[in-house]
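User: Please take me through this model by question and answer. Keep it brisk.

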Amino acid sequence: MAGQSPVDSLVPAPLIAPSILSADFARLADEVAAVQGADWLHVDVMDNHFVPNLTLGLPVVESLLKVTDIPMDCHLMIEDPARWAPPYAEAGAYNVTFHAEATEDPIAVARDIRAAGAKAGLSVKPGTPIDPYLEILREFDTLLVMSVEPGFGGQSFIPEVLAKVGIVRRLVDAGELRVVVEIDGGINADTIEAAAEAGVDCFVAGSAVYNADDPAEAVRRLRAQAAAASAHLTR
Ligand code: DX5
Ligand code: ZN
């Protein structure tokens with residue numbers, strides 16, 4: 001990047017993951033192409049049981065994997081992830097995240113996802129405390145902190161969840177954990193800076209990207225905003 005010093009390049013750039021939940025489902029391949037340059041492609045899988053909404057499943061993910069090189073970030077808002085999560089890894093998803101609230105044995109699910117070749121992610125709803133899960137985060141590559149109630153795009157950001165981000169950020173910075181801290185829900189130009197300052201690495205954005213006239217430009221702007229807001233943080 002122009003003007004970037006060698007020291008700057010040691011600091012990982014913030015990652016932006018557009019959520020296709022806010023895309024036009026009749027034109028998914030075009031909508032994926034519209035966010036070329038995004039770091040991860042966030043795909044929300046909902047089963048109408050874990051959350052009161054229904055989206056798409058493995059067949060659509062398999063088709064999307066054929067039309068993009070953007071690493072796919074599958075967010076499974078489903079019951080019984082032990083049964084349903086590993087096939088997303090086998091299909092070629094880069095990261096497969098499931099919900100802590102959806103299983104009694106998150107470690108087993110994480111191990112199965114990793115054995116199938118993907119990174120494993122744990123997600124927590126806004127009201128779920130992070131403390132009971134800190135120990136098991138060693139089994140995970142990513143932590144997805146929900147900043148809205150899962151189920152729908154276009155909701156308002158819940159700032160209180162940033163306390164959880166801070167707890168995990170400190171453990172990562174201290175070398176006690178190695179997870180990418182991801183946030184999902186209500187991220188836009190008004191909220192991304194607070195999330196970046198709290199220590200988020202990867203920002204999911206649905207409506208803020210797909211409601212923009214130029215989704216790829218919206219991704220670049222969000223990334224630049226997050227980078228500027230976190231530039232003073234020592235990692
Ligand atoms: C909500 C989904 C989000 C959603 C975010 O349950 O997990 O990924 O697409 O949408 P926005 O960015 O509009 O809040
Ligand atoms: Zn999501």
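User: In which strand is histidine 42 found?

Analyst: This is a predicted model: local features need pLDDT of at least 70, side-chain atom pairs count only at pLDDT 80 or more, and totals for chains, interfaces and linings use all residues. Residues are numbered from 1 along each chain as its sequence is written, chains are lettered from A and ligands numbered from 1 in written order, and side-chain values use heavy atoms, without hydrogens and water. Strands are DSSP runs (E, at least two residues) and helices likewise (H or I, at least four), numbered from the N terminus. Histidine 42 is found in strand S2.

User: Is histidine 42 buried or exposed?

Analyst: Buried means under 20% relative accessible area, exposed over 50%, and partly exposed in between (1.4 Å probe, protein chains only). Histidine 42 has 0% relative accessibility, so this residue counts as buried.

User: What is the largest C-alpha distance among the "binding site" residues His42, Asp44, His75 and Asp184?

Analyst: The "binding site" annotation comes from an unreviewed UniProt entry; such annotations may be inferred rather than shown by experiment. These residues spread over 143 residues of sequence, yet they cluster in space. The largest C-alpha distance is 10.6 Å.

User: Which of these residues are in the lining of the second largest pocket?

Analyst: On a 1 Å grid over the protein atoms alone, a pocket is an open set of points where a 1.4 Å probe fits, with protein on both sides within 12 Å along at least five of seven lines; lining residues have an atom within 4 Å of a point. The lining includes Asp44, His75 and Asp184.

User: Which residues lie nearest the centre of that second largest pocket?

Analyst: The second largest pocket is lined by 29 residues. Elements giving two or more residues to this lining are strands S2 (41–46), S3 (72–77) and S8 (202–205), and helix H9 (207–210). Nearest the centre lie Gly153, Gly154, Asp184, Gly185 and Gly186.

User: How exposed is phenylalanine 152?

Analyst: An unreviewed UniProt entry lists Phe152 among its "binding site" positions. Phenylalanine 152 lies in the loop between S6 and helix H7 (162–173). This residue is partly exposed, with a relative accessible area of 43%.

User: How far apart in sequence are the parts tied together by the pair of phenylalanine 98 and phenylalanine 140?

Analyst: Ring centres within 6.5 Å make a pair; planes under 30 degrees apart are stacked, over 60 edge-to-face, the rest tilted. This pair is tilted, at 5.8 Å and 45°. Phenylalanine 98 lies in strand S4 (residues 95–99) and phenylalanine 140 in the loop between strands S5 (119–124) and S6 (142–146), so the parts are 42 residues apart.

Conventions. Rings of Phe, Tyr and Trp (its six-membered ring) pair if their centres lie within 6.5 Å; planes under 30 degrees apart count as stacked, over 60 as edge-to-face and the rest as tilted.
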